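Colleague: I have not worked with this structure before, and I would like to learn how to read its features one at a time. Could you show it to me and then take my questions in turn?

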Amino acid sequence: MGKRGIEILGLDVNELLTELNKAFADEWLAHYMYWLGAKVAMGPMKGEVITELTEHAADELRHAEMLADRIVELGGIPVVEPKLWYEMTNCGYDAPSDPFVRKLVEQNIEAERCAIDVYDKLVKMVEGKDRKTFNILQEILEDEIEHEDDLEALIEDMDLLKKNQ
Ligand code: FE
Ligand code: FE
Ligand code: MG
């Protein structure tokens, strides 16, 4: 972005870049959590769970790409060191060390709830100040809301399956 484009932003670009990079770290960790969860999942409804986790892994990677592109446009550099993801993350990383499907889905629900809170805060931060970043963050927030809902639906189906056995 050029000088004037930066000047009309109604906020401190460096602060915005820090927040976008923290969210970028979150997205890579979320991507890996889903991606690995889909590889190790075991238990009832494994097929459905793997399909959902795999889709969400792709969505989180796409979110990382959207954030990286915007960071570069704003004159920043996306986090270059993966080891910094752990330091910068808002939502942390809950390793999928227990492959039981229900446990994996519950862990990912917690991560989605954190992501929803993070993007809700960021959307409010840029609202009326940076239209393009607002649109990007709004789109990501809508995806995270859908992710939580999809995972909650899987837990409901698991409960029904258990009740009818
Ligand atoms: Fe995401
Ligand atoms: Fe998500
Ligand atoms: Mg889904």
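Modeller: What follows is a conversation that goes from the overall fold to single residues.

Modeller: Please keep in mind that this is a predicted model, in which local features need pLDDT of at least 70 and side-chain atom pairs count only at pLDDT 80 or more, while totals for chains, interfaces and linings use all residues. Residues are numbered from 1 along each chain as its sequence is written, chains are lettered from A and ligands numbered from 1 in the order in which they are written, and side-chain values use heavy atoms, with hydrogens and water left out.

Colleague: Which elements does the protein chain have, and in what order do they run from the N terminus on?

Modeller: Helices (H or I, at least four residues) and strands (E, at least two) are DSSP runs, numbered from the N terminus. Here the protein chain has 6 helices and 0 strands, and the elements therefore read α-α-α-α-α-α from the N terminus on. Taken along the principal axes, the C-alpha atoms fill a box of roughly 65 × 30 × 20 Å.

Colleague: How do I read burial and contacts for the chain as a whole?

Modeller: A residue is buried when its relative accessible area is under 20%, exposed when it is over 50%, and partly exposed in between, using a 1.4 Å probe and protein chains only. Of the 165 residues in the protein chain, 44% are buried. Contact means heavy atoms within 4.5 Å, and among contacts between residues at least 6 apart in sequence, 82% join residues at least 24 apart.

Colleague: Which residues does UniProt list for "binding site"?

Modeller: UniProt positions are given in the numbering used here, feature names are shortened, and annotations may be inferred rather than shown by experiment. In this case an unreviewed UniProt entry lists E27, H63, E112, E144 and H147. They span 121 residues in sequence, yet no two of their C-alpha atoms are more than 13.2 Å apart, so they gather at one spot. From this set, E27, E112 and E144 belong to the lining of the largest pocket.

Colleague: How is a pocket found, and how much space lies in the largest pocket?

Modeller: Rolling a probe the size of a water molecule over the atoms shows where empty space is left. On a 1 Å grid over the protein atoms alone, a cavity is a set of points where a 1.4 Å probe fits but cannot get out, whereas a pocket is an open set with protein on both sides within 12 Å along at least five of seven lines, and lining residues have an atom within 4 Å of a point. Grid points are joined across faces, edges and corners, and a volume is the space filled by probe spheres set on the points. The largest pocket holds about 220 Å³ of space, and of the 21 residues that line it, D26, A30, C91, A111 and E112 are the closest to its centre.

Colleague: Where does the lining come from, and what classes of residue does it have?

Modeller: Helices α2 (13–40) and α5 each supply at least two residues of the lining, and the largest share, 8 residues, comes from α5. Ala, Val, Leu, Ile, Met, Phe, Trp, Tyr, Cys and Pro count as nonpolar, Asp, Glu, Lys and Arg as charged, and the others, Gly among them, as polar. By class, the lining has 10 nonpolar, 4 polar and 7 charged residues.

Colleague: Is E112 buried or exposed?

Modeller: E112, which lies in helix α5 (residues 101–126), is buried, with a relative accessible area of 2%. Leaving aside neighbours within four places in sequence, E112 is in contact with Y34, E60, E144, H147, E148 and L151. A polar contact is a pair of N or O atoms within 3.5 Å; within protein, one must be able to donate a hydrogen and the other to accept it, and residues adjacent in sequence count only if both atoms are side-chain atoms. The side chains of E112 and Y34 make such a polar contact (2.5 Å).

Colleague: And what does H147 touch?

Modeller: H147 is in helix α6 (residues 131–163) and is buried, with a relative accessible area of 1%. Not counting residues up to four places away in sequence, H147 touches Y34, H56, D59, E60, H63 and E112.
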